[in-house]
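Please read them with the structure open.

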Amino acid sequence: MNDWPLWEVFIRSQHGLAHKHVGSLHAPDGEMALRNARDIYTRRGEGSSIWVVRSTDILASSPDEKEALFSPSISKVYRHPTFFPMPDEVKHL
Amino acid sequence: MYTQLVDTEAKRLRSRSELSEPEQLFQARLDAEQKIEPGDDMPEAYRRTLIRQISQHAHSEWVGMLPEGNWITRAPTLARKCILLAKVQDEGGHALYLYAAAETLGVARETLIEELHAGNAKYSSIFNYPTLTWADVGAIGWLVDGAAIMNQIPLCRCSYGPYARAMVRICKEESFHQRQGYDLMLALCRGAPEQKQMAQDALDRWWWPAVMMFGPPDESSPHTAQSKAWRIKLYTNDELRQKFIDQSVPQADYLGLKVPDAALKWNEASGHYDFGTIPWDEFFRVVQGDGPCNRDRLDTRREAWEGGRWVREAATAHAVKTAARRRDTHATAPGSNGVSP
């Protein structure tokens with residue numbers, strides 16, 4: 001079983017949202033990974049579509065880069081609509 | 001609880017000044033209630049303790065399928081049989097979520113299962129008791145899953161991200177387990193006198209083992225302080241036990257059943273139930289491998305593992321063969337699995 005690769009499982013719920021990561025599992029191939037994902041992660045109608053991806057195929061940002069990658073956006077509050085106060089009299093904005 | 005006596009490798013909680021600089025930084029993150037994720041820096045003892053805790057939790061779910069599995073073929077109605085099958089399947093699923101969470105800490109699932117089969121890994125004491133009658137299925141859902149929920153809801157906020165996320169899924173499902181158990185007890189208690197007696201007998205046998213699930217009293221729980229500092233335990237054993245008793249006694253009253261504790265009494269001043277002496281000798285005997293069913297449980301798990309070997313080998317052989325035939329399922333047709341940007 002150690003030979004079985006790890007697969008990351010993504011499920012799209014009924015409501016038209018994007019696929020969301022729900023967990024991982026071991027399986028010998030993609031077909032079995034899909035079958036297992038169905039049994040493990042959709043026992044209560046959680047999904048309408050399943051993706052499985054080999055964990056080794058996911059390239060992740062490093063925790064060490066967190067500051068460099070994400071802190072520049074924190075100061076840019078003008079990117080949020082709430083940055084611009086609107087007069088009460090003006091509607092539909 | 002589903003985890004008991006988890007060793008933190010710390011005899012006592014060290015003060016802030018005794019911690020190394022990386023440990024202080026780590027503790028500051030925990031104190032700020034930040035989540036720790038798999039790639040993050042973490043003290044080795046934290047990592048090893050989490051592996052012990054999460055794998056013990058996983059083993060409990062895994063072995064926990066057995067006591068109730070005993071009644072699947074003898075459920076009294078088709079509806080009850082379907083419900084019980086679904087519950088036992090959930091327990092297997094919970095074990096898999098938890099083994100996956102443990103694997104993010106750099107340990108292989110197979111290694112953990114080998115440790116269990118070799119008798120080196122613990123699982124909850126509660127699963128070493130036999131299920132003698134159908135009412136035991138009700139008592140387990142109501143009390144054992146009830147006790148589990150009490151511990152697992154706070155763990156949804158624990159410091160380790162993958163463990164917390166597994167707990168969120170598990171708690172959603174566990175509530176069904178508890179309610180189906182209470183519903184089963186209600187049906188028995190509203191039935192013939194013999195059925196009600198069967199429910200009382202189950203409560204008599206499961207009450208103290210359920211109360212002991214929370215682990216030894218706080219004064220004999222040397223690892224609690226460290227586990228709390230690491231935020232992998234949010235309440236002490238005694239706090240959770242008291243809460244469990246306070247909630248369960250009125251539920252037993254509603255069923256018209258008597259909790260088997262002569263000293264049980266509502267204490268107006270403390271706002272809690274006072275309760276009698278807990279049989280800790282029995283707890284330690286069961287934890288150390290000498291409960292009514294310890295040997296039987298491990299034998300059953302080992303047999304299942306060996307009996308399923310040919311299935312795992314067949315699945316591997318099939319994967320190798322199909323991969324050779326079409327190189328790789330994914331490489332041939334990126335859109336064929338319904339994958340679209």
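1. In this predicted model, the count of cavities of 30 Å³ or more comes to 2.

2. The largest cavity holds about 280 Å³ of space, and its lining is made up of 21 residues.

3. As for the elements around the largest cavity, at least two lining residues each are supplied by three helices of chain B, namely H5 (135–155), H8 (224–229) and H9 (237–255). The largest share comes from H5(B), with 3 residues. Sorted by class, the lining of the largest cavity has 11 nonpolar residues and 9 polar ones, together with 1 charged residue.

4. The second largest cavity holds about 50 Å³ of space. Residues from chain A that line this cavity are A:Leu6, A:Ser24, A:Leu25, A:His26, A:Ile40 and A:Tyr41, while B:Leu96, B:Tyr99, B:Ala100, B:Glu103 and B:Arg109 line it from chain B.

5. Two or more residues of the lining of the second largest cavity are given by each of strand E2 (20–26) and helix H1 (30–41) in chain A, and by helix H3 (78–103) in chain B. H3(B) gives the most, with 4 residues. By class, the lining of the second largest cavity divides into 7 nonpolar, 2 polar and 2 charged residues.

Notes
Residues are numbered from 1 along each chain as its sequence is written. Chains are lettered from A and ligands numbered from 1 in the order in which they are written. This is a predicted model: local features need pLDDT of at least 70, side-chain atom pairs count only at pLDDT 80 or more; totals for chains, interfaces and linings use all residues. Side-chain values use heavy atoms; hydrogens and water are left out. On a 1 Å grid over the protein atoms alone, a cavity is a set of points where a 1.4 Å probe fits but cannot get out, and a pocket is an open set with protein on both sides within 12 Å along at least five of seven lines; lining residues have an atom within 4 Å of a point. Grid points are joined across faces, edges and corners, and a volume is the space filled by probe spheres set on the points. Ala, Val, Leu, Ile, Met, Phe, Trp, Tyr, Cys and Pro count as nonpolar, Asp, Glu, Lys and Arg as charged, and the others, Gly among them, as polar.
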